[in-house]
Amino acid sequence: MTLKYCQGTQCHTYTTQDRLKGMKGSKTFQTRRRSSFYYGNDNFCSLNCQNDWFAEHGDQAIDHFGRTTEPKKLTEQNAWVKDYDYNYNNGNGSSRSNYRFVNMITKEQRPLTESQYDDSTYTLNER
Ligand SMILES: [Zn+2]
């Protein structure tokens, strides 16, 4: 299992005991090293570390990959979402019914079967 370092720019400045390394007289707080991390696509040990990175490099990263300078638009053709009615039956469990597509712009509804609802690849959106 390969270990990797948290990419947080200030990780080593958070003075927790697990970051304290080395022998007496030469101890240092060090960047966390783990096989995996929960934050930022497996790159950061905490949300704090992710935020520190973004505060320092975020603008540069956005400029590098392309800053959004005009609104992206979700059109009628791509505004279909799946929906259903949730029926709660007095403690006897629950059921779903009336599966449908709803267009979030036009409010048009189109019927949907349960299996179409559960099929994540089934869509009316053109993409
Ligand atoms: Zn960290």
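Which residues make up the largest nonpolar core?

## The model and its core

The largest nonpolar core consists of six residues: Cys6, Cys11, Phe37, Phe44, Cys45 and Cys49. A nonpolar core is a set of buried Ala, Val, Leu, Ile, Met, Phe, Trp, Tyr and Cys residues joined through side-chain atoms within 4.5 Å. Buried means under 20% relative accessible area, exposed means over 50%, and partly exposed lies in between (1.4 Å probe, protein chains only).

The model is predicted, so local features need pLDDT of at least 70 and side-chain atom pairs count only at pLDDT 80 or more, whereas totals for chains, interfaces and linings use all residues. Residues are numbered from 1 along each chain as its sequence is written, and side-chain values use heavy atoms, with hydrogens and water left out.

## The zinc site

The zinc ion has as its protein donors Cys6 (SG), Cys11 (SG), Cys45 (SG) and Cys49 (SG), which lie 2.3 Å from it. Donors are N, O and S atoms within 2.8 Å of the metal (3.2 Å for Na, K and Ca); water is not among the atoms, so sites may look incomplete. The spacing of the donor residues in sequence is C-x4-C-x33-C-x3-C.

Around the zinc ion, the four donor atoms subtend angles of 106 to 114°, and the arrangement is therefore tetrahedral. Four donors count as tetrahedral if all angles lie between 85 and 135 degrees. Cys45 and Cys49 are both buried. Leaving aside residues up to four places away in sequence, Cys49 touches Cys6, Gly8, Cys11, Tyr14, Arg19 and Phe44; contact means heavy atoms within 4.5 Å.

## Salt bridges

A salt bridge is a side-chain nitrogen of Lys or Arg within 4 Å of a carboxyl oxygen of Asp or Glu. By this rule there are 10 salt bridges. One of them joins the side chains of Arg34 and Asp18 at 3.0 Å, N to O. Because Arg34 lies in strand E4 (residues 33-34) and Asp18 in the loop between strand E1 (4-5) and strand E2 (20-21), the pair ties together parts that are 16 residues apart in sequence. Helices (H or I, at least four residues) and strands (E, at least two) are DSSP runs, numbered from the N terminus. Asp18, Arg32 and Arg34 are linked in a network of salt bridges.

A further salt bridge joins Asp118 and Arg96 through their side chains (3.4 Å, N to O). Asp118 belongs to helix H2 (residues 114-118) and Arg96 to strand E6 (residues 94-103), so this pair ties together parts 22 residues apart in sequence. Asp118 is partly exposed, at 47% relative accessible area.

Terms used: Tetrahedral: all angles 85-135°; square planar, octahedral: opposite > 155°, others 65-115°.
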